[in-house]
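Welcome, and please take a moment to look over the model below. We will begin with one residue and then widen the view.

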There are 2 protein chains.
Amino acid sequence: MRDEISELTTNRLSLYVRFLNELDEKGVRTVSSTVLAGRFGLNAALIRKDLAHFGDLGVRGVGYVVKDLRRELQVILGLDRKLAVAIMGAGNLGLALADYPGFRREGFRIVALFDTLREKVGQESRSGVRIYDIQELRDVAGREGITIAVIAVPAASAQQVVGTVIDAGIKAVLNFSPGALRVPPDVKLKSVDLTVSLESLSFYLASLESGARN
Amino acid sequence: MRDEISELTTNRLSLYVRFLNELDEKGVRTVSSTVLAGRFGLNAALIRKDLAHFGDLGVRGVGYVVKDLRRELQVILGLDRKLAVAIMGAGNLGLALADYPGFRREGFRIVALFDTLREKVGQESRSGVRIYDIQELRDVAGREGITIAVIAVPAASAQQVVGTVIDAGIKAVLNFSPGALRVPPDVKLKSVDLTVSLESLSFYLASLESGARN
């Protein structure tokens, strides 16, 4: 059943969890699909369909119990297990990601940075994530139970680093490096393209101007 | 008409432009909606609908002429104008974004970094983006025609920095700082949540394990 759930759906589930966290902090106990829909600019039927994938989570006339729905979604997303994450590359991007507060808040543990530069190895990021030599990846990954690697190295070395990650037995890769990477079929690769967000602002500015012209 | 185009649509248009760049580099002259659909795992009707928003760009029996479609989409997304971007915060994240190759490739100019730390002001990022004192924002923005500001400061100072950005007359803000920011209705704010990508990998790993159990 899980195989049929698209990535767009799991992205929405992530947003629902975030909103449920907010509601719970405010002491809100139940939420309807209509309220969820209003928050995300989606229609309520889509939200009910998203949640129905995972069994009957709602109560007729009440909606969803905030704490229960959040717990269910966290289990579905695998967030109940505090997954251990390695960041490959201790440059500006790698260090920024190691200290990014959102990862920790949502149940990930950033356990190690890896780099090839001798002068960086043994240092720590501001929040205390240690930088290891990339040759230690297999050992550290085994010891810490690392299941996700984040690629934050320059494009020119990204494919080689991904090879090292795969050799260490890591099956999930989040790529911030530009350009396409090759992975075997049993490895899940997700690439983040930061430019898409900037382009939606560009579109907004273009539409402001065309509005002013008309 | 532009007002009716959703952000999900503009995000897809960004991806189409990226793919059309690839096709053009390979010397491919035309592309059908079916090929576009296959590439993105969408259905061809949705793609035709996306593109039909902007007039009749296709040729029956041929599909779309790669160069023409790309040029149209670039104009629609406002990418033909080399928009000037400022990055607020010259910490690890700000410096990483200033040197991110994707922004330049897709038609943005990162013209300045801003920080409050005296020892950073006057320095440059690795790719040569100069760091200014945040008090200079209004002057530099006017001189360079900055229309987009990227927020890459710690959460505690993000709201104050957004205030400075708005006072300088900038109407589009891309926020990497966690937590909600308030902007007036005539300012477009887009927030990037890097955790969502990590959560889709978490879901994948959870489904691997549940597959192994079953």
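Leaving aside its neighbours within four places in sequence, which residues is A:Ser125 in contact with? The partners of A:Ser125 are A:Leu95, A:Ala98, A:Asp99 and A:Leu113, where a contact means that the C-beta atoms of two residues, placed from the backbone, lie within 7 Å.

A word on ground rules: this is a predicted model, in which local features need pLDDT of at least 70 and side-chain atom pairs count only at pLDDT 80 or more, while totals for chains, interfaces and linings use all residues. Residues are numbered from 1 along each chain as its sequence is written, and chains are lettered from A, and ligands numbered from 1, in the order in which they are written.

A:Ser125 sits in the loop between strand 4 (108-115) and strand 5 (131-133) of chain A, whereas A:Leu93 belongs to helix 5 of chain A. Helices (H or I, at least four residues) and strands (E, at least two) are DSSP runs, numbered from the N terminus. A residue is called buried if 20 or more other C-beta atoms lie within 10 Å of its own, exposed if 12 or fewer, and partly exposed in between, with C-beta atoms placed from the backbone. A:Ser125 is partly exposed because 19 other C-beta atoms lie within 10 Å. A:Leu93 has 24 C-beta neighbours inside 10 Å, so A:Leu93 counts as buried. Beyond its neighbours within four places in sequence, A:Leu93 touches A:Ala152, A:Phe176 and, from the other chain, B:Ala96.

Here are two C-alpha separations, one for each residue.

| Pair | Apart along the chain | C-alpha separation |
|---|---|---|
| A:Ser125 and A:Leu97 | 28 residues | 9.8 Å |
| A:Leu93 and A:Gln160 | 67 residues | 18 Å |

**Chain A as a whole**

Chain A has nine helices and eight strands, and its C-alpha atoms fill a box of roughly 60 × 50 × 35 Å along the principal axes. Of its 214 residues, 38% are buried. An automatic or database domain assignment gives domain 1 (2-79) and domain 2 (82-195). The centres of these two domains of chain A, taken over C-alpha atoms, are 30 Å apart.

One helix pair deserves a look. The axes of helix 1 and helix 4 (residues 66-76) of chain A come within 9 Å and cross at roughly 145°; axes are lines fitted to C-alpha atoms, for helices over the stretch in contact, and angles run from 0 to 180 degrees between N-to-C directions. Among the residues making this contact are A:Leu13 and A:Tyr16 of helix 1 and A:Leu69 and A:Leu73 of helix 4.

**How the two chains meet**

A rotation of 180° with 0.0 Å of shift along its axis superposes chain A on chain B, with an RMSD of 0.0 Å. The two copies are thus related as by a two-fold rotation axis. The superposition is by least squares on the C-alpha atoms of residues with pLDDT of at least 70 in both copies. Of the residues of chain A, A:Asn92 comes closest to this axis, its C-alpha lying at 2.2 Å.

The contact takes 45 residues from chain A and 47 residues from chain B. On the side of chain A that touches chain B, helix 9 of chain A gives the most, with 14 residues. Because 100% of the interface residues of chain A are also interface residues in chain B, the copies meet through the same surface.
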